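I opened the notebook to record what I looked up in this model. Entries follow in the order I made them.

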Amino acid sequence: MWQQGQVFKLRTRGRDGQPLWAYRYRLEGRGSERPQVGGFATRAEAGAALEKVLARRGPAGRAASMTLAELVEEYLEMHQAEPVTMAKLRWLLAKATATLGEVRLADLSPKDVYAWRLTIPEGHRFEATQALRQVLRAYSGRGSRSLARQVIRAQARWSIAR
């Protein structure tokens with residue numbers, strides 16, 4: 001089953017008092033996950049973001065040829081946080097894209113993630129791994145869930161070893 005998704009107004013209002021907008025979609029029928037992303041200033045912004053996600057994840061989407069760097073960039077465009085938080089997240093994810101950025105998501109393996117983790121200085125390893133896991137979790141394309149799980153396991157192993 002293929003659903004186009006929906007854009008809707010949130011009950012929450014922005015700092016300026018204007019209503020905020022969100023979108024949600026479902027790709028695999030009633031029992032499947034229904035991701036929701038909100039906080040857009042206008043209905044048009046939410047609709048454009050929904051179209052971008054559906055183009056990437058839907059049938060014949062570009063997920064198979066997407067690189068990690070492209071995924072990170074899309075994630076950062078959609079992620080909403082304070083400027084200082086965004087700067088730190090961008091900095092942490094740059095550690096992953098410097099090494100794995102040109103790797104297609106379809107080709108990214110847990111072994112690649114593990115090798116990348118070893119290149120990160122110990123003081124930043126946990127946070128950089130957590131940031132990459134956050135991006136991979138946001139991406140629900142095939143194979144990414146196992147990568148996200150691998151990152152979580154690696155992070156847990158490292159935490160225990162500290």
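I began with Tyr-75, which counts as buried at 10% relative accessibility. My cut-offs: buried is under 20% relative accessible area, exposed is over 50%, and partly exposed is in between, with a 1.4 Å probe and protein chains only. Tyr-75 sits in helix H2. Helices here are DSSP runs of H or I with at least four residues, strands are runs of E with at least two, and both are numbered from the N terminus.

The model is predicted, so I take local features only at pLDDT of at least 70 and side-chain atom pairs only at pLDDT 80 or more, while totals for chains, interfaces and linings use all residues. Residues are numbered from 1 along each chain as its sequence is written, and side-chain values use heavy atoms, with hydrogens and water left out.

**Tyr-75 and its partners.** I listed its contacts (heavy atoms within 4.5 Å). Neighbours within four places in sequence aside, Tyr-75 touches Leu-89, Gln-134, Val-135 and Ala-138. I also checked Leu-136: its C-alpha is 9.4 Å from that of Tyr-75, and the two are 61 residues apart in sequence.

**H2 against H5.** How do H2 and H5 pack, and at what angle? I read about 85° between H2 (residues 68-78) and H5 (residues 122-138), with the axes 10 Å apart. That makes H2 roughly perpendicular to H5. The label covers 65 to 115 degrees; under 35 is roughly parallel, over 145 roughly antiparallel, and the rest oblique. Axes are lines fitted to C-alpha atoms, for helices over the stretch in contact, and angles run from 0 to 180 degrees between N-to-C directions.

I then wrote down the residues that meet. H2 brings Leu-68, Leu-71, Val-72 and Tyr-75; H5 brings Leu-132, Gln-134, Val-135, Leu-136 and Ala-138. By class, this contact holds eight nonpolar residues, one polar and no charged. Nonpolar covers Ala, Val, Leu, Ile, Met, Phe, Trp, Tyr, Cys and Pro; charged covers Asp, Glu, Lys and Arg; the others, Gly among them, are polar.

**H5 itself.** I tested its length. The 17 residues of H5 should span 24 Å at 1.5 Å a residue, and the end C-alpha atoms are 25 Å apart, which agrees. The expected span is 1.5 Å times one less than the number of residues. Buried residues in H5 include Arg-125, Arg-133, Leu-132, Val-135 and Leu-136.

Thr-67 lies between helix H1 (43-57) and H2. Thr-67 is buried, at 12% relative accessible area. Beyond four places in sequence, Thr-67 contacts Gly-101, Glu-102, Val-103, Arg-104 and Leu-105. Ser-65 is in the loop between H1 and H2 too. Is Ser-65 buried or partly exposed? I found Ser-65 partly exposed, at 46% relative accessibility. Ser-65 touches Glu-70 and Arg-104, with residues up to four places away not counted. Its C-alpha is 9.2 Å from that of Asp-107, 42 residues away along the chain.

**Whole chain.** The chain has six helices and three strands, in the order β-β-β-α-α-α-α-α-α. Of its 162 residues, 40% count as buried.
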